[in-house]
Amino acid sequence: MAHVCPQINPDTELDTTSFSGHKEKLFDDQIFKSILDYLNMGGSWENANAELSNSNKYGRALGTIDEFDLTNDGVKDFIIKILPGFGIYSCKNGSYQLSLNLNGVVGEPASIVDIKDMNQNGIPEIVAGITYCSGNCFDISIFEWDGLEFQNLLGEWQTVTSLDEKVIDVNNDEILELVIEGPFPSIGGYVDYVPLRGQKDIYYWNGTNFAFSHPEFSTPEYRFQAIQDADWMAMDADFEKALEFYDDVIFSKELKWWSKVRREYEIQLLVDNYDPAKPTSPPEPLEDTTEYPRLAAYAYYRIMLLHFVQGNESEALTTYQTLQETFGNDPYAHPYVEMASAFWEAYQSAHKMYDGCAAAIQYAVEHPEILIPLGSDYHGAQSHLYLPADVCPFR
């Protein structure tokens, strides 16, 4: 019967042969097997926990065992945590089985981040992490019992460079989200992230699994960052916030410029900071004055799109005219003005966003150089890499 588990037999002895040598081993499934056999012969998990925790006997505590109903069947499951992994014993059909084993199965240390009923279906989720480097490289996943086995509700392990992981209710809907704060790259990988921003990756429950849409960043420091944040907000239909970011791109005096040369300069400063010889800093590069007209013209174009999406064609016309008047003769902004014109002309013939977007996207296909200032390899590892479809996602 499903809920009949081995009865406690106080005379059952735990085979601790593998315990003494565990501290010299990285991964040791023998301990897992010994405890599984012990439980199925009527052993007590409290006694097994006491043995694992006996630091006087083994020189240090080898691990712990906790009880928790992870399968929502009214029967406690046992979680064994040892360095550097964990496993879960569940009682099924009259005996215990190792229903989840993350003790070195991927060759790296695994741990439990949290256990909570995140999606409020009565079955707790296990947020598990695998550390795979000496820095903060982290693979993370969410497991839930489906009646037969533990399923990965992230679909697959997600790789992050995490500063902190937590399970909280982000949007006050009583459903918990997984929030990854970072990134926190290793010293060797830090240069890839220049210019580094604070970042949150949030995995929301969508009714089937936990899914990630896009990162949330700290306040933009550079103009291209404001462009990218605005585009993300537009994709999320947060048009008011998107408009604020686009306005900042055009009018803010606080946002800084960025270029491939500036990135090289910032990386050199970073490298010099770790040089004990403290070399003389390289001279700060001259501002790339071509970036502003490109990004500001693109911002006007995207504001025009926002007005069309919301049915405000008169405001769209005003924005389109402003773009033409402000940047129509600027050689650096001119391609973005042409893209806006391509959208405008196609939209006017059918009054459909699909047609306008198709024309704008086709323009980007034929002029891929317009995508580079928006987000490319020299904008750092956190940057979105723009494709033609990104210039008009409202199809």
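Me: At what angle do the axes of helix α10 and helix α11 cross, and within what distance do they come?

Reply: The axes of helix α10 (residues 334–350) and helix α11 (residues 353–366) cross at roughly 150° and come within 7 Å. Axes here are lines fitted to C-alpha atoms, for helices over the stretch in contact, and angles run from 0 to 180 degrees between N-to-C directions. Please keep in mind that this is a predicted model, in which local features need pLDDT of at least 70 and side-chain atom pairs count only at pLDDT 80 or more, while totals for chains, interfaces and linings use all residues. Residues are numbered from 1 along each chain as its sequence is written, and side-chain values use heavy atoms, with hydrogens and water left out.

Me: Why is α10 called roughly antiparallel to α11?

Reply: The crossing angle is roughly 150°, and angles under 35 degrees count as roughly parallel, over 145 as roughly antiparallel, 65 to 115 as roughly perpendicular and the rest as oblique. The angle therefore makes α10 roughly antiparallel to α11. The crossing of these two helices, α10 and α11, is right-handed, a word used when the near helix is turned clockwise from the far one by less than a right angle, with anticlockwise giving left-handed.

Me: Which residues of α10 and α11 meet, and how do they divide by class?

Reply: On the α10 side the contact includes P335, M339 and F343, and on the α11 side it includes M353, C357 and Y363, where contact means heavy atoms within 4.5 Å. The residues of this contact of α10 with α11 divide into twelve nonpolar, one polar and two charged. In this division Ala, Val, Leu, Ile, Met, Phe, Trp, Tyr, Cys and Pro count as nonpolar, Asp, Glu, Lys and Arg as charged, and the others, Gly among them, as polar.

Me: What makes α8 roughly antiparallel to α9?

Reply: The axes of helix α8 (residues 291–309) and helix α9 (residues 313–327) come within 7 Å and cross at roughly 165°, which makes α8 roughly antiparallel to α9. Here α8 passes α9 in a left-handed crossing. The contact is made by residues including Y292, Y300 and F308 of α8, together with A316, L323 and F327 among those of α9. By class, this contact of α8 with α9 has 13 nonpolar, three polar and two charged residues.

Me: How do α5 and α6 pack, and why does D229 count as buried?

Reply: Helix α5 and helix α6 (residues 239–251) pack at an angle of about 160°, with their axes 8 Å apart, and they are therefore roughly antiparallel to each other. In this pair α5 passes α6 in a left-handed crossing. D229, whose place is in helix α5 (residues 223–235), is one of the α5 residues that meet α6. D229 counts as buried because its relative accessibility is 6%, and buried means under 20% relative accessible area, exposed over 50%, and partly exposed in between, with a 1.4 Å probe and protein chains only. Leaving aside residues up to four places away in sequence, D229 touches R197, F217, S218, P220 and F245.

Me: Why does N72 count as partly exposed, and E174 as exposed?

Reply: N72 stands at 46% relative accessibility and so counts as partly exposed, whereas E174 stands at 61% and so counts as exposed. N72 is in the loop between β1 (63–68) and β2 (77–82), and its phi is positive, about 55°, although N72 is not a glycine. E174 is found in the loop between β10 (164–168) and β11, and its phi, near 75°, is likewise a positive value in a residue other than glycine.

Me: Where are the prolines P183 and P195, and what kind of peptide bond joins each to its partner?

Reply: P183 lies in the loop between β11 (177–182) and α4 (187–190), and a cis peptide bond with omega of about -10° joins G182 and P183. P195 has its place in the loop between α4 and β12 (199–205), and a cis peptide bond with omega of about 0° joins V194 and P195.

Technical notes. Helix = DSSP H or I, 4+ residues; strand = E, 2+ residues; numbered from the N terminus.
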